[in-house]
Amino acid sequence: MRIGIVCPYSWDVPGGVQFHVRDLAEHLIGLGHQVSVLAPSDDETPLPSYVVSAGRAVPVPYNGSVARLNFGFLSAARVRRWVNDGDFHVLHIHEPATPSLALLACWAAQGPIVATFHTSNPRSRAMIAAYPILQPALEKISARIAVSEYARRTLVEHLGGDAVTIPNGVDVRFFADAEPKSAWQGAPGAHTIGFIGRIDEPRKGLPVLMKALPAIVEQAPGTRLLVAGRGDEQEAVAGLPRALRDNVVFLGMVSDEDKARLLRSVDLYVAPNTGGESFGIILVEAMSAGAPVLAADLDAFEQVLDGGAAGELFPVEDAEALAARTVALLQEPGRRADLRERGARHVRRFDWATVGADVLAVYETVTDGAASVAPDERTGLRARFGLARD
Amino acid sequence: MPTLTTVIWIVVALLLVGVYLSWTAGRLDRLHARIDAARAALDAGLLRRASIAQELATAGVLDPAASMVLYQAAHDARLAEQDHREVAESELSQALRAVFAEGTQLEAVRAAPGGRETAEELGAAVRRVPMARRFHNDAVRAARALRRHRKVRWFRLAGHAPFPLAFEMDDEPPPVLADRGHGADPAPGVPGAGPGGPGGGGESGGSEGPDPEGQDSEGHHPEGHHSEGHDDEGHGSGQGRGPED
């Protein structure tokens, strides 16, 4: 099958959607499909052979933050040419409701179009204003995919219609086969807790964990907190009593391999996020590596953890509850072993073998009985006049 | 002179209205094409499900009572008139749920020669019906929203196309076939290298090839563990996946 995938965000900037697109493309190529990815990128950035650059994304303030977006005639022309040259059986666009490449592709093409909605943003004013413009483009999408039941709910509320839920994929084996590192492994009386995420991003919840740490160390002495992620380390430990600062180990940015090894080594993975998550891929990665998971009870996390069956939950931003659950888990090896086993069983549905098969099932469903993707001639002004005379 | 300007303006306005209406008609036309394609996919999915169910019912791997229930439901679903289609297909869903209420029936199917493929096909078929139906009904909803609009009704832009109807049925698959997490779909191929964590690992016995429905034929011979298609080891490695999600 010839598949065209449109990634709305810059290829050279790391992010959840980009990784998802990359892994999906590589999985599909591995199965023998022809895949071409259209993504914004700087001209200098080396791109994998399957990626076609759509030009540089322009930073624009949008919806409260600076987004890097593609628009204008040049981008539209490149999208059109890519659609024309690719002769795809199916077009898979990501995040079509943001003003970016995905929307342009949706505008420029016709035929079987699949769209994945990643974020579950609350409805923005721009979207309400743009609704009449957006609607004709979104109407062309034959199949919508939401990454979680939560994302699907917001999608249905905002745009109407329906979507199927297919979670983000994880390469389970990559994490399950990682080699534990003895320096990061806990021992009785010296447990290790893992945290991965931006240190200076309060949404990731490190401050909550820091608040809970004194109580944890008091009841489980010798416990070390291993923190992997970018940010100011001095600032992060500023609120901690001096005696406890040795219990926090900062690892900085870690590579994929070290991330897997870290998750494989720790006695407990804690996700104290305070909001803004639509999926929670890190929890799936932790479970794949066999780490017991304790997470804040955000909607998205609750779903990823099977309502609390595959990992434990605590009330969001409740440092006391976090400390109490952490101590209880560290003192009960039996419960942790139970969570490891449940987690390992639960993550199979997130493996690329399963997720990729589901995505392919969607492709096959929309291509059944439909022509292949072609440029939409109706958008050209001349074509429109031509049509008007019919 | 002013009359000429007025005439020009009227002509321009009419032209613009004409362009807008033709564009709307184009939109509607595309939506109808989308509904047709979605309906064809849904029909194909339903037919596929009924055929596999019927095949299974006549294969003699299930007990006689279950075989009869399944055969009757699949037969009715295939031959149902358009008006009774939704009811007949819903009854097939119910029959499948009743027959595969416990996992032992599925085990029995898998144990039969060639049963593993049949079980996979049935699993794929029952999972695809809700998918196809959702896409179909989504297209129907979009078309109905546009057709209810004044401009479409006043100018009869929809022509003679019938008012689209959603396909309503009970398409809930049997839990043992729908559940992607337990038993039905193992972690990628290699035996013993399942996702078993340090404390777990008992569940890693893979039973099928790496991709139960993506590829049609290869990788489906009985011990399909070591089949070709899954060269994804080391995939994702070595490329800067940052620590943040």
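**Close-up 1. Helix 1 and helix 5 of chain B.** Helix 1 (residues 2–58) of chain B packs with helix 5 (residues 115–147) of chain B at an angle of about 155°, and their axes are 8 Å apart. Here axes are lines fitted to C-alpha atoms, for helices over the stretch in contact, and angles between N-to-C directions run from 0 to 180 degrees, while helices (H or I, at least four residues) and strands (E, at least two) are DSSP runs numbered from the N terminus. The two helices of chain B are therefore roughly antiparallel to each other, a term for angles over 145 degrees, as against under 35 for roughly parallel, 65 to 115 for roughly perpendicular and oblique for the rest. Helix 1 of chain B passes helix 5 of chain B in a left-handed crossing, meaning that the near helix is turned anticlockwise from the far one by less than a right angle.

This is a predicted model, in which local features need pLDDT of at least 70 and side-chain atom pairs count only at pLDDT 80 or more, whereas totals for chains, interfaces and linings use all residues. Residues are numbered from 1 along each chain as its sequence is written, and chains are lettered from A and ligands numbered from 1 in the order in which they are written.

**Close-up 2. The open sheet of chain A.** In chain A, 6 strands form an open sheet in the order 13-12-11-14-15-16, with parallel pairing, where two strands pair if DSSP finds at least two bridges between them. The edge strands, each pairing on one side only, are strand 13 (248–252) and strand 16 (312–314) of chain A. Neighbouring strands of this sheet are turned by 25° against each other on average, direction ignored.

**Close-up 3. Strand 14 of chain A and its partners.** Strand 14 of chain A is joined to strand 11 of chain A by 2 bridges, and in strand 14 of chain A the bridge partner of I193(A) is L268(A). Another 3 bridges join strand 14 of chain A to strand 15 (residues 293–296) of chain A, where A271(A) stands opposite A295(A). From strand 14 of chain A the chain crosses through helix 10 of chain A to strand 15 of chain A in a right-handed β-α-β crossover, that is, the path over the helix runs clockwise with the strands pointing away from the viewer. L268(A) and V270(A) point one way from strand 14 of chain A, Y269(A) and A271(A) point the other way, and all are buried; a residue is buried if 20 or more other C-beta atoms, placed from the backbone, lie within 10 Å of its own, exposed if 12 or fewer, and partly exposed in between.

**Close-up 4. Helix 9 of chain A.** Helix 9 (residues 256–265) of chain A has 8 of its 10 residues buried, so it is largely enclosed by the rest of the structure. Among the buried residues are D256(A), R261(A) and S265(A). The elements of chain A against which the buried residues of helix 9 pack include helix 6 (172–176) and helix 10 (281–288), with contact meaning C-beta atoms, placed from the backbone, within 7 Å.

**Close-up 5. Two loop residues of chain A with positive phi.** E95(A), with phi near 50° although not a glycine, lies in the loop between strand 6 (90–94) and helix 3 (101–108) of chain A. D306(A), also not a glycine, has a positive phi of about 60° and is found in the loop between helix 11 (299–304) and strand 16 of chain A. E95(A) counts as buried with 20 C-beta neighbours inside 10 Å, whereas D306(A), with 16 other C-beta atoms within 10 Å, is partly exposed.

Key:
Contact = placed C-beta atoms within 7 Å.
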